[in-house]
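Keep the structure open beside you as you read.

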Amino acid sequence: MAENTQESAAAPQEAAAPQDPQAAKNAQLLALLQRLFGADTFTDVEEPYGLLTVTTTRERIHEIMAGLQQDQELQMNFLTTMCGIHYPENEGKELGMIYHVHSLVNNLRLRIKIFFPIADPVVPTLTDLYATANWMEREAYDFYGIIFTGHPNLIRILNVEDMDYHPMRKEYALEDGTREDKTDLFFGR
């Protein structure tokens, strides 16, 4: 009888267990995004480490970012970071950009990804929306060769101007096989 009492007491506690508040916020944010931009706008919806992550297209990225910034309910007015990525094994989607936006008013965060072919690395600039995009876009251009149409000063920012390649692309060997200080003799291989 004591076991039945313990079991029946545990059942209401389990039923009343609170839902993860971050998951609830993300569900509300996703519903709002789908209402604002359409349910088919976002694909590959994930929540790694509680951060809502969606994928869209480069054709819609400027419209979406402008909408996030200008929407009175969301107020996503801080572009935390943006960076280029290179996945050479993804045929037709080798290059990409990742955008992190934050609503300081509502404490909401969102990660948006876009992918495009390495043969056509063109993305619209966000410098007209976020001043911080200026240097981050120059960095993505410098390291990945992503061209931002409409950028006011798209030149290299960290590497020398006469470089004719983009060093963060996974097109180059990780080590120089001719180096003599990396022989097996020195590393026990």
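Start at Thr 56, which stands opposite Ile 114 in β5. This is a predicted model, so please read everything below as a description of that prediction. The pairing you are looking at is between β2 and β5, which run in the parallel sense and share four bridges.

Now look at the two faces of β2. In a regular strand, side chains alternate between the two faces of the sheet. Here both faces of β2 are covered: Thr 53 and Thr 55 lie on one side, Val 54 and Thr 56 on the other, and all of them are buried.

On to the other partner of this strand. β1 joins β2 (residues 53-56) through two bridges, and this pair runs antiparallel. You can find Glu 46 opposite Thr 53, and Thr 43 opposite Thr 55. Six residues lie between the strands of this hairpin, and Tyr 49 takes a positive phi near 55° there.

Zooming out, five strands make up an open sheet with mixed pairing, in the order β1-β2-β5-β4-β3. β1 (43-46) and β3 are the edge strands; each has a single partner, so one side of each is left without a neighbour in the sheet. From one strand to the next, the twist averages 20°.

Which helices pack on this sheet? One of them is α3, which touches β2, β3, β4 and β5, with its direction at about 170° to that of β5. Another is α4, which touches β3 and β4 and makes about 5° with the direction of β3.

Nonpolar side chains tend to be buried together in soluble globular proteins. In this model the largest nonpolar core has 37 residues, and those with the most contacts inside it are Met 65, Leu 68, Tyr 99 and Leu 110. Two or more residues each come from α2 (21-37), α3 (61-70), β3 (78-86), β4 (95-103), β5 (108-116) and α4 (133-144).

One joins Glu 73 and Arg 35, at 3.7 Å from N to O. Glu 73 sits in the loop between α3 and β3 and Arg 35 in helix α2, 38 residues apart, and both are exposed.

Asp 120 and Arg 58 form another salt bridge, with their closest N and O atoms 2.6 Å apart. Asp 120 lies in the loop between β5 and β6 and Arg 58 in the loop between β2 and α3, so the pair ties together parts 62 residues apart in sequence. Is Arg 58 buried or exposed? Arg 58 counts as buried because its relative accessible area is 13%, under the 20% cut-off. Asp 120, at 34%, is partly exposed.

Finally, the whole chain. The protein has five helices and seven strands, and buried residues make up 35% of its 189 residues. Among contacts between residues at least 6 apart in sequence, 53% join residues at least 24 apart.

Terms used
Residues are numbered from 1 along each chain as its sequence is written. This is a predicted model: local features need pLDDT of at least 70, side-chain atom pairs count only at pLDDT 80 or more; totals for chains, interfaces and linings use all residues. Side-chain values use heavy atoms; hydrogens and water are left out. Buried means under 20% relative accessible area, exposed over 50%, partly exposed in between (1.4 Å probe, protein chains only). Contact means heavy atoms within 4.5 Å. A nonpolar core is a set of buried Ala, Val, Leu, Ile, Met, Phe, Trp, Tyr and Cys residues joined through side-chain atoms within 4.5 Å. Two strands pair if DSSP finds at least two bridges between them. Axes are lines fitted to C-alpha atoms, for helices over the stretch in contact, and angles run from 0 to 180 degrees between N-to-C directions. A salt bridge is a side-chain nitrogen of Lys or Arg within 4 Å of a carboxyl oxygen of Asp or Glu.
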